[in-house]
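Welcome! Please take a moment to look over the sequence and the model before reading on.

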Amino acid sequence: MATDEKSQSDLEAELQSLLEQERFDPPEEFVRQALVSDDSLHRRADEDPNGFWLEQARELDWFTEPSESLDDSNPPFYRWFADGKINASHNCLDRHVEAGNGDRVAFHWRGEQGEEEDWTYADLLRDTQKLANGLKERGIGREDVVGIFLPMIPEVVIAMLACARIGAVHNVVFGGFSPESVSERMKVSEAKALVTVDGARRKGKTAEVKSTVDEERIGDLDHMETLVVVKRTGADCPMTEGRDVWYHELLEAADDECPAEELDAEHPLFILYTSGSTASPKGILHTTGGYLTGVAHTTRLVFDLKPEEDVYWCSADVGWVTGHSYIVYGPMACGATSVMWEGAPDYPDKDAWWAVCERYGVTILYTAPTAIRAAMKWGVEYPERRDLSSLRLLGTVGEPINPKAWAWYHTVIGGRRAPVVDTWWQTETGAIMISPLPALTPTKPGSATKPLPGIEAAVLDEDGSEIEEGQGYLVLKRPWPAMLRTLYGDDDRFVETYFEKFGRETYLVGDAARKDEDGYFWIVGRIDDVINVSGHRMSTAEIESAIVSYEHVAESAVIGQEDEDSGQAVTAFVTLEGGAEPDDELEGSIREHVAQRIGKLARPKRIIWADDLPKTRSGKIMRRLLRDIAEGREAGDVSTLREPGVMDDLAEQVRQRGDGGDE
Ligand code: PRX
């Protein structure tokens, strides 16, 4: 047996034996130095939740300190700290500079090609003020929506904080989304400006961005008056006079002093679109004081962050909520030194991440299970090339982590000295809700453990009764400061989606979960038609609507099929119009069409041709049965189908055509 194989099998045995252990106590060494190692916060929060939250809020820098905590006079439209005045940009920048920490590095930025730049808090404050002035000169002010469509470059943070500084509301779209998705999000939010880039880099290649924005005519939308363009790759980039302006020229011409506006705590901070049950994305609206309280508090509590000592790295993209809360607002409000990374985990080689950890001495790493599974598949040789001894805490987010990936992360990356915090939360919750406290909560691989202080979670049955042990609807029973305030422009959908099933005081999460005998929560998955691909939320309805918009397609049903790498993968059942014949070319075109309409993440991994789809008598597609077919199981109960024969036909088609999988 080759040495590599031997060490691989030793590792397998080690992981297996580790997994026989069900609970893991916080490592002693970690406990000794932790910020929080007793349950006094829990006790304080239980005895007076509103007082507890007000204390957390007061950790921030207010222009006018709030005297009130929760205003619950009109549920579910809760307000927090409503008589306080605050600014998020001030808390993330000026506060640290004023305290003498202007020279502290906020971001060690590492570009795709290995470029390195250190951005201090003072650097960011300077450019943020200039951009804020530039935006103001272009007529942007309080409550105007500004779109941001940028890769992982420092300008994305500057753009967000420049908006926050002047009370404009940012609407960041993940760089991997298609220009068509950007256009839709700009249209529905009536954005007045968009900050974008000439081109982006990915694994050594470059792609034009601004020109694709032009092709989609985003600049011609009714409300869109300004496109600010960052020069990144030198890509071909036609500029429309009067409307488009180079970022660097705007900054050069701008005054470098722009005092942060004194805003109400409930002033809107940002909109972030996420997938829901229908084809149109939901614009989650977060406001300033409550959100910032939630993210700053949880950054300290869950990551045990010590800003003078730690080097923190959250590997998410700023375009997702994880990036908003745990790259920008949480860590920056705490004055952290972070890594910001533009690259891909396997470029230039599969040790890219571990090289970053070694280079900057990363102490806290926060990532997604899908990335851990990929690293696990590539093998231990890559992390073993690097010195990872600085890591002292590891976090995961976005999807349930399978115990083997947990054990690998803990052993290979964390050297068993770093506790693993599996953090459960959502775009809507703004901040982490269920998670171990690293020095306090014994962990069980695969469980996010228990709600944080001040958060009350429960599992309910169909009638709203609490289930102490077993599976049901996950709910949050008490409002919390960082919760969404509404869906942008659609209060009715907000109430209907989250507060109808169990009433206006119980937030319906949209996940199924179970509680075990120790009161630990285990997230099972979504209860709505949302699927989770590599920790990213995708709406089946949105993908279906993209597929049926393609020529010759009559109908489509999309499901999340279990997948070893990405957790779930997009599988589409597609029915063609009479006369059209399925073939590989059509399959390829449909997949490309979805990528273009929504983004590459939404592209079906597998297409299964179907003559008909299983429907109930009322015409509802039974996805449960489609999942059975796709995952190769005997179909479950078919008695409620309008035409039970459909299932046999479908199974036969899958067999005959050998629809075994994707490319
Ligand atoms: O299903 C849960 C899953 O991701 C959903 C939220 O997705 P999104 O709003 O995009 O936010 C992702 C990052 C916060 C949840 O409804 N999810 C998130 N974290 C976990 C998780 N499932 C299991 N365990 C987690 N730690």
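What follows is a short tour of the ligand site, a sheet, a helix and a few individual residues.

Residues are numbered from 1 along each chain as its sequence is written, and side-chain values use heavy atoms, with hydrogens and water left out. The model is predicted: local features need pLDDT of at least 70 and side-chain atom pairs count only at pLDDT 80 or more, while totals for chains, interfaces and linings use all residues.

## Around the ligand

Let us start with the ligand. The shell around it holds 17 residues, and the closest are Asp422, Thr423, Thr427, Arg526 and Arg537. By class, six of the shell residues are nonpolar, six are polar and five are charged. Here Ala, Val, Leu, Ile, Met, Phe, Trp, Tyr, Cys and Pro count as nonpolar, Asp, Glu, Lys and Arg as charged, and the others, Gly among them, as polar.

| Protein atom | Ligand atom | Distance |
|---|---|---|
| Thr427, polar side-chain atom | oxygen | 2.6 Å |
| Asp511, polar side-chain atom | oxygen | 2.9 Å |
| Glu399, polar backbone atom | nitrogen | 3.4 Å |

On its own the ligand has 540 Å² of accessible area, and the protein covers 95% of it. Such areas come from the Shrake-Rupley method with a 1.4 Å probe; for residues, only the protein chains shown count as cover. Helix H12 (321-333), strand S20 (420-423) and strand S25 (521-526) are the elements that give two or more residues to the shell. Helices (H or I, at least four residues) and strands (E, at least two) are DSSP runs, numbered from the N terminus.

## An open sheet

Next comes a sheet. Eight strands form it in the order S12-S11-S8-S6-S7-S14-S15-S23; the sheet is open and its pairing is mixed. Two strands pair if DSSP finds at least two bridges between them. Strand S12 (244-246) and strand S23 (486-487) are the edge strands, each pairing on one side only.

How buried is strand S11 (residues 226-230)? Five of its five residues are buried, so S11 is largely enclosed by the rest of the structure. Buried means under 20% relative accessible area, exposed over 50%, and partly exposed in between (1.4 Å probe, protein chains only). In a regular strand the side chains alternate between the two faces of the sheet. In S11, Thr226, Val228 and Val230 are buried on one side, and Leu227 and Val229 on the other.

Strand S8 (residues 193-197) pairs with S11 in the parallel sense over five bridges, and Val195 stands opposite Val228 there. S11 also runs parallel to S12, joined by three bridges, with Asp244 in S12 as the bridge partner of Leu227. Elsewhere in the sheet, strand S14 (residues 268-274) and strand S15 (residues 282-287) are antiparallel and share six bridges; Ile271 has Leu285 in S15 as its bridge partner.

Helix H8 (residues 179-188) has Ser181, Val182, Ser183, Arg185 and Met186 as its buried residues. Their cover includes strand S6 (145-148), strand S7 (169-172), S8, S14 and helix H19 (584-597). Glu190, which follows H8, has a positive phi, near 50°.

## Residues worth a look

Lys306 sits in the loop between helix H11 (288-303) and strand S16 (311-314). Is Lys306 buried or exposed? Lys306 is buried, with a relative accessible area of 10%. Its side chain makes a polar contact of 2.6 Å with the side chain of Gln33. Leaving out residues up to four places away in sequence, Lys306 touches Gln33, Ala34, Leu35 and Arg392, where contact means heavy atoms within 4.5 Å.

Phe81 has a positive phi, near 55°, although it is not glycine, and is buried at 0% relative accessible area. Arg416 also has a positive phi, near 60°, but is partly exposed at 35%.

Finally, two peptide bonds are cis, with omega near 0°: one from Pro75 to Pro76, and one from Tyr347 to Pro348.

Note on methods. A residue is near a molecule or strand if one of its heavy atoms lies within 4 Å of it. A polar contact is a pair of N or O atoms within 3.5 Å; within protein, one must be able to donate a hydrogen and the other to accept it, and residues adjacent in sequence count only if both atoms are side-chain atoms.
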